[in-house]
Amino acid sequence: MVRAYKVKGEKRKKKGENYDKEEEIEVPLEEEESTKRVKTEHSEADTEAAERVVDLLSGIPVVATDQTNKPGVVFIIERASLEIAKIGKTYQLLNSDEHSNFLKKNGRNPSDYRPDIAHQAMLSILDSRVNKAGRLKALYVRTEKGVLFEVKPHVRIPRTFKRFSGIMLQLLQKLSITAVGKREKLLRVIKNPVTQYLPIDCRKIGFSHSSEKLVDIQDYVNGVNNDMNLVFVVGAMAHGKIDKDYVEDYLSISDYPLSAAYCISMITNAMERKWKIL
Ligand SMILES: C[S@@+](CC[C@H](N)C(=O)[O-])C[C@H]1O[C@@H](n2cnc3c(N)ncnc32)[C@H](O)[C@@H]1O
């Protein structure tokens, strides 16, 4: 089935319809201010650019995944470098390749701006057999600025970076992206904290190369009760580590520092073997 994306966000809600919660979205002050600025400065040129992105996205399919009530996994990508800025006349997703001069002029370190890490991490999760088998319950991404958004497991995120940037730009400006002709929001900004959306009976596991608890991820997940939902927290920043209060256990799963995408692939492979998903 082929469905196109459509950008939503500024339309008024129908009376009595409570699915959309844009009005209630709370974002940290810094991001709230930038969102306001985006809205007030939103020009015709920006609207045209947005429409071009929507056209570009027409025909991107959502993926059919198996439906199951079995326990599953939730992924949280923390510290994703996904930040937009107005450069010249248009808003763009900041990245070290294209915006090095702009970032330096604004006193920022270009090497911190790596949205490709979150892109690859998201693809690694959505492409996994865990997801195809319907065992990915949810995917949340939290940006370095604290904006939290949900990605529906059956969304097919653009594989090229340019198109991914277009989607992220629209999401961070409009706060949601909806499948054309459907009410379902495929991506949407939601309120912090992420813990309110997690299953009650879950174990929250963080991943860090610097953790002193070096484990074989296969042995670790094999040792977890089969009824338990697992929440995996992986960082998508260029430097540093994740340090979140809600994480119960920090694991290192290799002697080597891994990319976020490779780390995720190790986790999903281990779950696939545990659950015998071929
Ligand atoms: C900090 S980012 C590093 C980004 C990297 N430069 C890239 O291109 O993806 C990678 C994330 O993967 C996880 N990770 C990397 N190496 C790991 C290891 N040896 N054990 C556990 N988790 C690891 C951590 O969650 C970490 O935050």
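Apart from neighbours within four places in sequence, His-119 is in contact with Ile-157, Pro-158, Arg-159, Thr-160, Phe-161 and Phe-164, contact being defined as heavy atoms within 4.5 Å. The structure is a predicted model, in which local features need pLDDT of at least 70 and side-chain atom pairs count only at pLDDT 80 or more, while totals for chains, interfaces and linings use all residues. Residues are numbered from 1 along each chain as its sequence is written, and side-chain values use heavy atoms, with hydrogens and water left out. His-119 itself lies in helix 4, which spans residues 115–126. Helices (H or I, at least four residues) and strands (E, at least two) are DSSP runs, numbered from the N terminus. With a relative accessible area of 4%, His-119 is buried; buried denotes under 20% relative accessible area, exposed over 50%, and partly exposed the range in between (1.4 Å probe, protein chains only).

The protein contains 8 helices and 11 strands. Of its 278 residues, 52% are buried. Among contacts between residues at least 6 apart in sequence, 79% join residues at least 24 apart. The accessible surface of the protein is about 14300 Å², and carbon and sulfur atoms account for 48% of this surface. Accessible areas were computed by the Shrake-Rupley method with a 1.4 Å probe; for residues, only the protein chains shown count as cover.

An oxygen atom of the ligand is 2.5 Å from a polar backbone atom of Phe-207, and an oxygen atom of the ligand is 3.1 Å from a polar backbone atom of Gly-235. A nitrogen atom of the ligand lies 2.9 Å from a polar backbone atom of Ile-253. A polar contact is a pair of N or O atoms within 3.5 Å; within protein, one must be able to donate a hydrogen and the other to accept it, and residues adjacent in sequence count only if both atoms are side-chain atoms. On its own the ligand has 570 Å² of accessible area, and the protein covers 86% of this.

Gly-235 lies in strand 10 and is buried, with a relative accessible area of 16%. Beyond its neighbours within four places in sequence, Gly-235 is in contact with Glu-78, Ile-242 and Ala-260. Gly-235 and Ser-208 are 27 residues apart in sequence, with a C-alpha to C-alpha separation of 8.0 Å in space.

The structure holds 0 disulfides, a disulfide being a pair of cysteine sulfur atoms within 2.5 Å. Cys-202 is buried at 9% relative accessibility, and Cys-263 is buried at 8%.

Most residues other than glycine have a negative phi, and most peptide bonds are trans. The peptide bond from Asn-192 to Pro-193, however, is cis, with omega near -5°. Pro-193 is found in the loop between strand 8 (185–190) and strand 9 (202–207). Gln-196 is also found in the loop between strand 8 and strand 9 and is partly exposed, with 47% relative accessibility. The side chain of Gln-196 reaches the backbone oxygen of Asn-192 at 3.1 Å and the backbone oxygen of Lys-191 at 3.4 Å.

Positive phi values occur in Arg-79, where phi is near 55°, and in Leu-175, where phi is about 75°. Arg-79 is found in strand 2 (residues 73–80) and is partly exposed, with a relative accessible area of 23%. Leu-175 is found in the loop between helix 6 (161–174) and strand 7 (176–179) and counts as buried at 11% relative accessibility.
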